[in-house]
Amino acid sequence: MRRRLREGDLGPVPVLLALAVTWAVFQGLNHNFLSPRNLSVLSVDIVGTGIIAVGIVFVLLIGEIDLSVGSLAGLAGAVFASLNVNLGMPEWLAVIVAVACGAAAGALHGFSFARIGVPAFVVTLAGLLAWNGVMLYLLGTETSINFSETGLVATLTSRYFDA
């Protein structure tokens, strides 16, 4: 361990220190920051970002880039919300359709890159713009949709741990 530190290989130490400093600062600003309820709410809020981040790591590991990942995530969310709230489709079926929609868009990107030979930067930049436009079209003029307070989404996002 000491040898690694002398050689400059700090491993996870900088990240853990930054996390501890962040926690200390926010706890100092608001004494409820490290409460079980707030940490539970934060963990629910970061799930989507975490899943996207893990997925994008694989793209970066092969030396490519994906600029459309945020637009595709938004599109899948808009498809789910539009089908469930606006059209009354059951949540479980809307989830399946939204995931299939995202997978189809990803397959189109992959086909364009692997078979046609369009650079990933170009494909995903075009996807960023196109899927964002489709998402805005699906949402219409409202640009936000409120979910039911009794459905699956409400159940999953309203759970928290309290001491």
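This is a predicted model: local features need pLDDT of at least 70, side-chain atom pairs count only at pLDDT 80 or more; totals for chains, interfaces and linings use all residues.
**Nonpolar surface patch**

Six side chains, L16, L19, W23, L34, L39 and L42, make up a nonpolar patch on the surface. Their accessible area together is about 500 Å². Two helices, α2 (13-29) and α3 (36-45), each give two or more residues to this patch. Of the elements involved, α2 gives the most, with 3 residues.

W23, one of the patch residues, lies in helix α2. Its relative accessible area is 39%. Because buried means under 20% and exposed means over 50%, W23 at 39% is partly exposed.

**Largest pocket**

The largest pocket holds about 1,300 Å³ of space. Two or more lining residues come from each of α4 (47-61), α5 (69-86), α6 (91-116), α7 (120-139) and α8 (152-157). The largest share of the lining, 9 residues, is given by α6. In total, 38 residues line the pocket. Those that lie nearest the centre of the pocket are I51, I52, L72, A73 and A76.

By residue class, the lining divides into 26 nonpolar, 10 polar and 2 charged residues.

**Residues in α5 and α8**

Two of the helices that contribute to the pocket lining, α5 and α8, also hold the residues considered next: S82 is found in α5, and V153 lies in α8.

Is S82 buried or exposed? S82 has a relative accessibility of 9%, and the limit for buried is under 20%, so S82 counts as buried. V153, at 23% relative accessibility, is assigned to the partly exposed class, because that class covers values between the buried limit of 20% and the exposed limit of 50%.

S82 and L139 are 57 residues apart along the chain, with 7.0 Å between their C-alpha atoms. For V153 and E91, the sequence separation is 62 residues and the C-alpha atoms are 8.1 Å apart. The table sets out the two pairs.

| Pair | Separation in sequence | C-alpha to C-alpha distance |
|---|---|---|
| S82 and L139 | 57 residues | 7.0 Å |
| V153 and E91 | 62 residues | 8.1 Å |

Technical notes
Residues are numbered from 1 along each chain as its sequence is written. Side-chain values use heavy atoms; hydrogens and water are left out. Patches are made of residues with over 30% relative accessible area and no salt bridge: like charges are joined within 9 Å, nonpolar side chains (Val, Leu, Ile, Met, Phe, Trp, Tyr) within 5 Å. Accessible areas come from the Shrake-Rupley method with a 1.4 Å probe; for residues, only the protein chains shown count as cover. A salt bridge is a side-chain nitrogen of Lys or Arg within 4 Å of a carboxyl oxygen of Asp or Glu. Helices (H or I, at least four residues) and strands (E, at least two) are DSSP runs, numbered from the N terminus. Buried means under 20% relative accessible area, exposed over 50%, partly exposed in between (1.4 Å probe, protein chains only). On a 1 Å grid over the protein atoms alone, a cavity is a set of points where a 1.4 Å probe fits but cannot get out, and a pocket is an open set with protein on both sides within 12 Å along at least five of seven lines; lining residues have an atom within 4 Å of a point. Grid points are joined across faces, edges and corners, and a volume is the space filled by probe spheres set on the points. Ala, Val, Leu, Ile, Met, Phe, Trp, Tyr, Cys and Pro count as nonpolar, Asp, Glu, Lys and Arg as charged, and the others, Gly among them, as polar.
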